[in-house]
There are 2 protein chains.
Amino acid sequence: MTRGFSDEEFRERVARAQARMDKAGLGALLLTTEADVRYFTGYLTRFWESPCRAWYLIVPASSDPIAVIPSIGAALMRATWINDVRTWPAPDPLDDGVSRLAEALREVGGPVGLPSHQGTVARMPLADLEAVKAQSGLTFTDDRGIVAGLRAIKSEAEIAKIARACAIAGRAFGRVGEIAMPGVPLSRVFRDFQRLLLEEGADWVPYLAGGAGPEGYADVISPASEAPLVVGDVLMLDTGAVWDGYFCDYDRNFAIGHATDIQCAAHARLVEATQAGLEAARPGVRACDVWRAMADVVGTGEDAGRLGHGLGMQLTEGLSLTAEDQTTLLPGMVITLEPGIETIGGKIMVHEENIVITEGAPRALSPLATVDLPTI
Amino acid sequence: MTRGFSDEEFRERVARAQARMDKAGLGALLLTTEADVRYFTGYLTRFWESPCRAWYLIVPASSDPIAVIPSIGAALMRATWINDVRTWPAPDPLDDGVSRLAEALREVGGPVGLPSHQGTVARMPLADLEAVKAQSGLTFTDDRGIVAGLRAIKSEAEIAKIARACAIAGRAFGRVGEIAMPGVPLSRVFRDFQRLLLEEGADWVPYLAGGAGPEGYADVISPASEAPLVVGDVLMLDTGAVWDGYFCDYDRNFAIGHATDIQCAAHARLVEATQAGLEAARPGVRACDVWRAMADVVGTGEDAGRLGHGLGMQLTEGLSLTAEDQTTLLPGMVITLEPGIETIGGKIMVHEENIVITEGAPRALSPLATVDLPTI
């Protein structure tokens, strides 16, 4: 599978954005985050891990995007389809790209759509944002959800990358028996599972969570403890592994030594809930409807939170499968189905799969788990 | 080595912040980023990879911090020393923590110091920030650099964690000969080097960059290509590996098969520049003085950028070794020395070490490279 996308795909993304900008009366989009900049440029680097440098992309109403970036990124940005690359020697304590950015925005004209709604962040210092507003003299507003809306509908090429990340994780999950056994500390399992993901082809592993305990785990966000696995534990590993800039995000549960009745019943219920989600996830249906289908199987604890979310260039993006989210599912959306269930007081089990919405039944991107809880 | 910090250390951090807030006339700090929240709480989770959820910490002028966070994080936050944990079921499309946060801020009182200066980001939707400002009725201003200033001076416990991350990377660098040889694609070297870091004890590997080529590499931020290593290449790997939430950030160069004269001369010059940086890096000296000491050895190309930076809970944080940065070095600061040099037209080599400023000569945290370019 080739990395990256064709220039044509990027041009189509820009054209679609510009059509929506026209309707919304926006003169420019100002993008500041890794995923938003990459979506329109193909600019892929782990250098975003350095929080001291700001990167800007302007999408004008009717011409090609303009990158305004630290000079250290110029060569890599010029290797993309973007031709207009303007740089400054960052970090500059007196003017860290502010005047370059304001000048470019003035050329393009406003109003400037800067993603400001839920799920977005302006990845730039607030003081610099105020200065850019003042120097450009333009009106700034939310991007009206244009970028998130476009990104929510994946192209076939994007879906293929997510599917590849899912397949990599599937092979790694298939090897958990090599690394997880009674006596091995959970922290070591975490380290070794990341190693397996790399061996199976992940470019990197931005996210790994999990837990282990007799009848489940207390939460799904804690770092791994040094406590060793014990016969009778259920172990859960939940990974966001990346291939060519696209995430998978799903988990698997394993019984250590032997599975208890409670574990087996919970796992079966979780798989049943996922099946209900698969049945419900049709185009035209709302996110809250899919949530309802799964919640009817696992119950709706007060803190149950969401039972799935959008997935793509970020571990989580876009819609949430909650009672409140009215987003309509459309073909090309990639989402997770992530039901959770309380097993005994204070303990939970969680199961997760990744699917893509199609015109008909959704297509599974992760290798769907069967009802039987695997024992290792 | 134990993970985490004593409650006493967190209390001292808060007391120091409150002393500075008093001088600056701030009624509260509002913190939104992983590192800033963790600095005062010890709250450590990879769940921040999910960009859809906002997390807030308020440091009042004279009482203990208040966490205002998604309910999914409540159990883990309550396991820290923080007692006042207020939650909401995120993501809530109608009110994603805004009214909870505004209410807490009103209780505490302003002015509210929100880090807004260079090197900072407000990790929350801009629309929510505006709503919190309006609902709280308080004045918002920059935090006057208080949090960055505190974080720049590491405690002995923090330095020990960075040293451990450096030692882990040192052992992995010592094994590069196992994974890098003629014919192996650079992408595979990247994957395998991350595996080595995990095997040697890294919790995870948020950052890996590098390059390879006959007399250097074109840049230090591109993703790995599929091009195989060739005899005569110089290979550079630059990693930000994490142990217990603290980064190392340094690189090593390797000659593949045999080293050329140009490579050897460049490497020797880079190590010489690092030595000059080590000589210069004394308390009371400015960042620009250390930059000058290294630039005098390697030259100051227009795009040379910075020759080092602060390091800690983030891959890069705080000061920059540039001509413009007037920051005064103080004992406890951990910085990188990162000289680069042009070898032939369009090709560079870069070398990096990690050190901590002391009352006397700086202490190396990475195992300092010798002049000889290692051949593998």
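Reader: Which residue stands opposite Leu30(A) in strand 2 of chain A?

Author: Some ground rules before the answer. This is a predicted model, in which local features need pLDDT of at least 70, side-chain atom pairs count only at pLDDT 80 or more, and totals for chains, interfaces and linings use all residues. Residues are numbered from 1 along each chain as its sequence is written, chains are lettered from A and ligands numbered from 1 in the order in which they are written, and side-chain values use heavy atoms, with hydrogens and water left out. Strands (E, at least two residues) and helices (H or I, at least four) are DSSP runs numbered from the N terminus, and two strands pair if DSSP finds at least two bridges between them. Now the case: Leu30(A) faces Ile58(A). Their strands, strand 1 (residues 28–31) and strand 2 (residues 56–60) of chain A, are antiparallel partners over 4 bridges.

Reader: In what order do the strands of the chain A sheet lie?

Author: The order is 4-3-2-1-5-6, in an open sheet of 6 strands with mixed pairing. Strand 4 (84–88) and strand 6 (140–141) of chain A are the edges, each pairing on one side only.

Reader: Which strands of chain A does helix 2 lie across?

Author: Helix 2 (residues 34–41) of chain A lies across strand 1 and strand 2, at about 50 degrees to strand 2 of chain A. Such angles run from 0 to 180 degrees between N-to-C directions, with axes fitted to C-alpha atoms, for helices over the stretch in contact.

Reader: Is Thr141(A) buried or exposed?

Author: Buried means under 20% relative accessible area, exposed over 50%, and partly exposed in between (1.4 Å probe, protein chains only). Thr141(A) has 19% relative accessibility, so it counts as buried. Thr141(A) sits in strand 6 of chain A. Beyond its neighbours within four places in sequence, Thr141(A) is in contact (heavy atoms within 4.5 Å) with residues including Leu26(A), Pro111(A) and Val112(A).

Reader: Which residues of helix 4 of chain A are buried?

Author: In helix 4 (residues 98–108) of chain A they are Val98(A), Leu101(A), Ala102(A), Ala104(A) and Leu105(A). They cover an arc of only 165 degrees around the axis, which puts them on the same side of helix 4 of chain A. That arc is taken from the directions from the helix axis to the C-beta atoms. Just after helix 4 of chain A comes Gly109(A), with a positive phi of about 90 degrees.

Reader: Which residues are buried on the two sides of strand 1 of chain B?

Author: In a regular strand, side chains alternate between the two faces of the sheet. For strand 1 (residues 28–31) of chain B, Ala28(B) and Leu30(B) are buried on one side, and Leu29(B) and Leu31(B) on the other. Ala28(B) has Val112(B) as its bridge partner in strand 5 of chain B, and stands opposite Pro60(B) in strand 2 of chain B.

Reader: What rotation superposes chain B on chain A?

Author: Two copies of a chain are related by a rotation about an axis and a shift along it. Here the rotation is 180 degrees with 0.0 Å of shift along its axis, and the RMSD is 0.0 Å. The two copies are thus related as by a two-fold rotation axis. The superposition is by least squares on C-alpha atoms of residues with pLDDT of at least 70 in both copies. In chain B, Arg195(B) comes closest to the rotation axis, at 2.5 Å (C-alpha).
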